[in-house]
Amino acid sequence: MKLELRDLRPAPSRAIDPRRYHEAADPKRPPIAERLPVCLYLEVTNRCNLLCTTCPRTYKELEPPADMSWDLFTRIVGQVPALSRAVLHGVGEPMLVKSLPAMVRHLKERGVYVLFNTNGTALNERNGLALIEARLDELRVSLDAATREKFRVVRGVDVFNRILQNVRRFRALQVREGAASPRVSLWLTGLKETLAELPAFVRLAADTGVSEVYLQRLVFFDDDPVGLARPDQTLFERLREEEAEILSEAEADAHRLGVTFSASGAASGPGASLTPATRDNPWSLCGRPWTLMYVTANGRALPCCIAPFALHGYENYTLGDAASESLASIWNGPRYQDFRAALQSERPPRACGNCGLRWSL
């Protein structure tokens, strides 16, 4: 089994290149996009019931607390006739939103591939069944630890056992209902604090009835790190030998247990670089501003889901207001054009420089 760079890929059953949403082959893309986004990140809420030490919203209010209104949601979706993929999460917990299953159903009636990340605290039989009936494609559970103790360190509250129970019950519900979807996966953010638990995390997934595990990269602020989202916690630039051994053990356990395991930006061995060596401006490989748009619960249009974690202050990378402007006018308006042009230059937007230079696990 080979570790691959797979950030937010679609289901393997759909013939869609995962790079479709994140990369483009032509490094000289124009500042005007030829078509509307094919992927929307819709932050259905910015409310959350955890206090994660890797999340900026734990330490500062990013926007006024809000759930995305049904009117705003349908208005946005209705403006993208060729929408192929919708991600219903942002800096909040999507399952706190009562209308979430209805949003999923609305998108599925359009033939859209739908997924979201959840912390699993609010997953119960009632809303789980509603999501199954709405035909959700993927349910990603961000667990971030394999033990109750480490979970409390990273997530700030003591609900680890409750989440595991919720996931087990949901998987049992799927078996009972004969429901192959949504695909359920467990996610762990790559921190030096928790990396040693990765093999146990893979085994925990198998024990819980989950057959997919993903190790995702940590993004942090350069100027003012918060909590555990800081440089000394990342696995970037170089893998130490002991870290590579942990990855290999996790890989072996996954193979033995029949679990799909993938690590974002993984290197092949100790001493190998976790940053692209092919060009001096790796951020220019990103095709997100040509393929997707992120809209906050209040309607603010942002370039992607990474930006809030890479640079303080939404005002630094706000590209429009979907509550008062049309998506078409935002998409190829002057702010988006300037953003795309900067991404192709030697001096990228700060949020993109932070992300593209790391490519960390």
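## Two packed helices

Helix H1 spans residues 70-78, and helix H2 spans residues 100-108. The two pack at an angle of about 20°, and their axes lie 12 Å apart. Angles under 35 degrees count as roughly parallel, so H1 is roughly parallel to H2. The crossing of H1 past H2 is right-handed. This picture comes from a predicted model.

Which residues make the contact? From H1 come Trp 70, Phe 73, Thr 74 and Val 77. H2 supplies Ala 102, Met 103, His 106 and Leu 107. Six of the residues in this contact are nonpolar and two are polar. None is charged.

## A cis peptide bond

The peptide bond from Ser 181 to Pro 182 is cis. Its omega is near 5°. Where does Pro 182 sit? Pro 182 is in the loop between helix H5 and strand S5. H5 covers residues 160-177, and S5 covers 183-189.

## Two residues with positive phi

Arg 135 is not a glycine, yet its phi is positive, at about 75°. Arg 135 belongs to the loop that runs between helix H3 (125-134) and strand S4 (138-142).

Asp 144 lies in the loop between S4 and helix H4, which covers residues 148-155. The relative accessible area of Asp 144 is 4%. That value is under 20%, so Asp 144 is buried.

## Confidence in the model

How confident is the predictor in this protein? The average pLDDT is 83. Of the residues, 79% score at least 70.

Conventions:
Residues numbered from 1 in each chain as written. Predicted model: local features only at pLDDT ≥ 70, side-chain atom pairs only at ≥ 80, totals over all residues. Heavy atoms only, no water. pLDDT = per-residue confidence, 0-100. Axes fitted to C-alpha atoms, helices over the stretch in contact; angles between N-to-C directions. Helix = DSSP H or I, 4+ residues; strand = E, 2+ residues; numbered from the N terminus. Parallel < 35°, antiparallel > 145°, perpendicular 65-115°, else oblique. Left-handed = near helix turned anticlockwise from the far one by under 90°. Contact = heavy atoms within 4.5 Å. Nonpolar A, V, L, I, M, F, W, Y, C, P; charged D, E, K, R; others polar. Buried < 20%, exposed > 50% of the residue type's maximum accessible area, 1.4 Å probe, protein only.
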